[in-house]
Amino acid sequence: MFFEFRFWKYLFNRNELIGSLEDTKMRGFEKRVWLVALLGVLLFALRDIWGMQTEGLTALFVGGFEDTFVIARATSLIGAIIWSFLYMAFHFFGIAFILHKITKIELSKVAIIQLFVVALLLMEKAFTFFLYAIVGYTTDFSLLSFGPLAATFLDSEFFTYFFNELTLITGLIIAIQFHFLRAFTEMSARNLFIILLVIQLILALFVAGIQVLPLEAWFEGGQAA
């Protein structure tokens, strides 16, 4: 027997999805994967076209380097599209593979929950992009994260960016992963929760570390040499 994978239906009714996976085969999943990927690429492209994280290129246009500005914008757009693929592939394939190896759950089942994870991450980015588009400017911190609060009380740039990666969506992702994966593993609930939490903390530490590295200065220094 087969059942049709419905993204929105099973996002809010995972118990039915878990029950269906135990005794029937699923179809239609690949189509949803490609749809989420397409929407993700479109979102990253729109963010770049609008100007998110491309503020430094404005100096080229103001300085009268119109041709260079156009080339830089086109390069930035291509880079954003490539990054969208890498970002989604990591959270879909990479994290799924890690969880598969740790929990011994079938990779195909872990991939299902990671599709929901990727979609939630994209929804978070779409929400912040919508807010930025309304107000007309961007900030370094997400309104859904602990970043703004950390920036108020902490002087450490690293920890501010670290807490900026811990958002309401992060908590929702852990809850959804835990609920789904617990049905397919003999691992204790405590250990599973710790694993899911540690993965998110490691990702936050990694991103925060990248944020505070003086990559632009290193790049400019390399060019000067």
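## Leu77 and its contacts

Setting aside residues within four places in sequence, Leu77 touches Ala45, Asp48 and Ile49. Leu77 belongs to helix H5, which covers residues 66-103. In this predicted model, Leu77 has a relative accessibility of 26%. Buried means under 20% and exposed means over 50%, so Leu77 counts as partly exposed.

Leu77 and Arg47 are 30 residues apart in sequence. In space, their C-alpha atoms are 9.2 Å apart.

## The chain as a whole

The protein chain has 225 residues, and 40% of them count as buried. Its secondary structure comes to 11 helices and 2 strands. From the N terminus, the order is β-α-α-β-α-α-α-α-α-α-α-α-α.

## Confidence along the chain

The mean pLDDT of the protein chain is 85. A score of at least 70 is reached by 87% of the residues. Among the elements, helix H9 (residues 168-181) has the highest mean pLDDT, 95. Helix H11 (residues 215-224) has the lowest, 47.

The pLDDT is below 50 over residues 218-225. Beyond near neighbours in sequence, that stretch has 1 contact in the model.

## Thr24, between a helix and a strand

Thr24 sits in the loop between helix H2 (14-23) and strand S2 (25-27). Is Thr24 buried or exposed? Its relative accessible area is 18%. The cut-off for buried is under 20%, so Thr24 is buried.

Beyond its neighbours within four places in sequence, Thr24 is in contact with Met1 and Phe3. A polar atom of the Thr24 side chain also lies 2.5 Å from the backbone oxygen of Ser20.

## H2 against H6

Helix H6 covers residues 107-135. The axes of H2 and H6 come within 12 Å and cross at roughly 160°. Angles over 145 degrees count as roughly antiparallel, so H2 and H6 are roughly antiparallel to each other. Their crossing is right-handed.

Which residues meet here? From H2 come Arg14, Leu17 and Leu21. From H6 come Lys109, Ile112, Ile113 and Phe116. An α-helix has 3.6 residues a turn, so residues three or four places apart point the same way.

## H6 against H9

H6 also packs with H9. Their axes come within 10 Å and cross at roughly 165°. H6 and H9 are therefore roughly antiparallel to each other. The crossing of H6 and H9 is right-handed.

The H6 side of the contact is made by Lys109, Val110, Ile112, Ile113, Gln114, Val117, Leu120, Leu121 and Glu124. The H9 side is made by Ile169, Leu172, Ile173, Ile176, Gln177, Phe180 and Leu181. Lys109, Ile112 and Ile113 of H6 meet H9, and these residues also meet H2.

## H9 against H10

Helix H10 covers residues 189-212. H9 and H10 pack at an angle of about 145°, with their axes 10 Å apart. H9 passes H10 in a right-handed crossing.

On H9, the contact uses Thr170, Ile173, Ile174, Gln177, Phe178 and Leu181. On H10, it uses Ala189, Leu192, Phe193, Leu196, Leu197 and Gln200. Ile173, Gln177 and Leu181 of H9 touch H10, and they also take part in the contact with H6.

Ala189 is in H10. How accessible is Ala189? Its relative accessible area is 34%. This value lies between the cut-offs of 20% and 50%, so Ala189 is partly exposed.

Not counting residues up to four places away in sequence, Ala189 touches Phe178 and Arg182. Ala189 and His179 are 10 residues apart in sequence. Their C-alpha atoms are 9.5 Å apart in space.

## The buried residues of H8

Helix H8 covers residues 157-164. Which of its residues are buried? They are Thr160, Tyr161, Phe162 and Asn164. What covers them includes helix H7 (147-153) and H10.

Definitions and conventions: Residues are numbered from 1 along each chain as its sequence is written. This is a predicted model: local features need pLDDT of at least 70, side-chain atom pairs count only at pLDDT 80 or more; totals for chains, interfaces and linings use all residues. Side-chain values use heavy atoms; hydrogens and water are left out. pLDDT is the predictor's confidence in each residue, from 0 to 100. Helices (H or I, at least four residues) and strands (E, at least two) are DSSP runs, numbered from the N terminus. Contact means heavy atoms within 4.5 Å. Buried means under 20% relative accessible area, exposed over 50%, partly exposed in between (1.4 Å probe, protein chains only). A polar contact is a pair of N or O atoms within 3.5 Å; within protein, one must be able to donate a hydrogen and the other to accept it, and residues adjacent in sequence count only if both atoms are side-chain atoms. Axes are lines fitted to C-alpha atoms, for helices over the stretch in contact, and angles run from 0 to 180 degrees between N-to-C directions. Angles under 35 degrees count as roughly parallel, over 145 as roughly antiparallel, 65 to 115 as roughly perpendicular and the rest as oblique. A crossing is left-handed if the near helix is turned anticlockwise from the far one by less than a right angle, and right-handed if clockwise.
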